[in-house]
Amino acid sequence: MASAVIECASATSTSVVAPGDAVLLVRNLRGNGSTDWTPPGGVVDDGEHVLDGLSREVAEETGLVVTGWSGLLYEVHAEAPQLGWDLRVEVHRASAVTGELAIGADPDGIVIGSAWADPGELVRLLDDAHPWVREPLVEWIRRRWDRPRRFSYRIDGSSLDDLTVTRRL
């Protein structure tokens, strides 16, 4: 897989797009026992270069190795004052990936599966994902813009089970 297109995000989210239109997603086991599909992801460590952190996260959760990056695709800002968090994500595009898809090296123990999803399947699998995860990725898959874009969300509510999410333009 020498000419893959990969996108990854710093802070708390990453995603991988393979040659053609397939997108790498991981299945996550949440604390309440539910599962969901998202792009692979995690936190870029203090002092770690963003692209090094993104490469590490992809390898930990999927077994794939990013061997080249080609630029920023989009940024996401999601502010949730009642939950006490302010999420900022950079999503980058990779130019090459090697390795075989695998599960089991996730140090957080959250990832329980992975799959390459075509655009139609991606939309279906991300149906239960939070809007700040789903919307930017689905829009990029459908439009493939050239210049980085920004997505901003306001999240109100005090529980992950009862959120009101508003996209800011």
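Predicted model: local features only at pLDDT ≥ 70, side-chain atom pairs only at ≥ 80, totals over all residues.

Mentor: Two residues are in contact when heavy atoms of theirs lie within 4.5 Å.

His-77 belongs to strand 5, which covers residues 65-80. Is His-77 buried or exposed? Buried means under 20% relative accessible area, and His-77 counts as buried because its relative accessibility is 13%.

Which residues does His-77 touch, once those up to four places away in sequence are set aside? They are Asp-86, Leu-87, Arg-88, Phe-151, Ser-152 and Tyr-153. One of these neighbours, Asp-86, is also joined to His-77 through a polar contact of 2.4 Å between the two side chains.

The wider setting may now be considered. The protein chain contains 3 helices and 9 strands, and from the N terminus on its elements follow the order β-β-β-β-α-β-β-β-α-α-β-β. Of its 169 residues, 43% are buried, and His-77 counts as buried too. Where contacts link residues at least 6 apart in sequence, 61% of them join residues at least 24 apart. The protein chain exposes about 8,400 Å², of which carbon and sulfur atoms supply 47%.

Helix 3 spans residues 131-143, and its buried residues include Trp-132, Leu-137 and Trp-140. Just after helix 3, Arg-144 takes a positive phi of about 45°.

Key. Residues numbered from 1 in each chain as written. Heavy atoms only, no water. Helix = DSSP H or I, 4+ residues; strand = E, 2+ residues; numbered from the N terminus. Buried < 20%, exposed > 50% of the residue type's maximum accessible area, 1.4 Å probe, protein only. Polar contact = N/O pair within 3.5 Å; in protein donor to acceptor, adjacent residues only side chain to side chain. Expected span 1.5 Å × (residues − 1). Areas by Shrake-Rupley, 256 points an atom, 1.4 Å probe, with all protein chains shown as cover.
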